[in-house]
Amino acid sequence: MAEPLDGKAVVAALSENVLETRFEDIDPAVVENTKKRILDVIGCAIGGAAASGNDALIELIKSWGGKKEASILAYGVKAPAQDAAWANAILCRSFDWEPLVAIINGKRYPGHISGTTVATGLTVEDCEGDCGNELIWALVAGDDVAE
C-alpha cells in the first residue's frame, strides 16, 4: 500500500513552484499557445451568449445590482467581479466548445479548465487593468498546478 501524501509538503511544493515561476522563463511556444487559448475562450463566450437561458442569467445578475467592476463577455454589461466571472464561465461552457486539453511541458492533460480559468482571468484583468503578461503567467502557472 502506498504511503499517503503529506498535504503540507504538497502545498509547499506547489506554492514554491508558482512563486518561482517568472514570465520570462515561460517557453515562447507556451506563451503563444496560451494567447490562442484566450482567444478561443473569448470566442466560446460569444457563441455561448446565444445559448438557451443565458439571457435570463444576465438579466438576473443585472437585477442584483452592485458595483460595476467587470464586463460580462458578449453582453457589454458590467457587474460585480464575482458575478461577471461566474457568468463568463457559464457563457464559455454553454456548448462545451472551450479548449479541452492543457499542454504542459509537451504533455497533454485533458480537462475543461479553460472555460473557468481563462474566463476568471479575463474578469480579473478587466478589474485590474491591462495585465497581459500577468494573465498569461497566471494561466500557465495554474495549468502547471492542475497537472
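Visitor: How many positive and negative side chains does the chain have?
Guide: The chain has 12 positive and 23 negative side chains. Lys and Arg count as positive and Asp and Glu as negative, while His and the chain ends are not counted. The centres of the two sets lie 4 Å apart, with each charge placed at NZ of Lys, CZ of Arg, CG of Asp or CD of Glu.

Visitor: And what kind of model is this?
Guide: This is a predicted model, in which local features need pLDDT of at least 70, side-chain atom pairs count only at pLDDT 80 or more, and totals for chains, interfaces and linings use all residues. Residues are numbered from 1 along each chain as its sequence is written, and side-chain values use heavy atoms, with hydrogens and water left out.

Visitor: Which pattern does the chain follow along the sequence?
Guide: The pattern is α-α-α-β-β-α-β-β-α-α, made of six helices and four strands. Helices (H or I, at least four residues) and strands (E, at least two) are DSSP runs, numbered from the N terminus.

Visitor: Turning to aromatics, how many pairs does a search of the whole structure find?
Guide: The search finds two aromatic pairs. Trp 64 and Trp 86 form a stacked one, at 6.1 Å centre to centre and 15 degrees between the planes. Rings of Phe, Tyr and Trp (its six-membered ring) pair if their centres lie within 6.5 Å; planes under 30 degrees apart count as stacked, over 60 as edge-to-face and the rest as tilted.

Visitor: What does that pair tie together?
Guide: Trp 64 lies in helix α3 (residues 54–64) and Trp 86 in helix α4 (residues 81–93), so the pair ties together parts that are 22 residues apart in sequence. Trp 64 is partly exposed, at 46% relative accessible area, and Trp 86 is partly exposed at 39%. Buried means under 20%, exposed over 50% and partly exposed in between (1.4 Å probe, protein chains only).

Visitor: Which residues of α4 are buried, then?
Guide: Among them are Ala 81, Ala 84, Ala 85 and Asn 88. The buried residues of α4 pack against α2 (28–48), α3, β1 (70–72), β2 (77–79) and α5.

Visitor: Is Thr 123 buried or exposed?
Guide: Thr 123 counts as buried, at 2% relative accessibility. Its place is in helix α5 (residues 114–128).

Visitor: What is Thr 123 in contact with?
Guide: Leaving aside neighbours within four places in sequence, Thr 123 is in contact with Ala 70, Ala 81, Ala 84, Ala 85 and Asn 88. Contact means heavy atoms within 4.5 Å.
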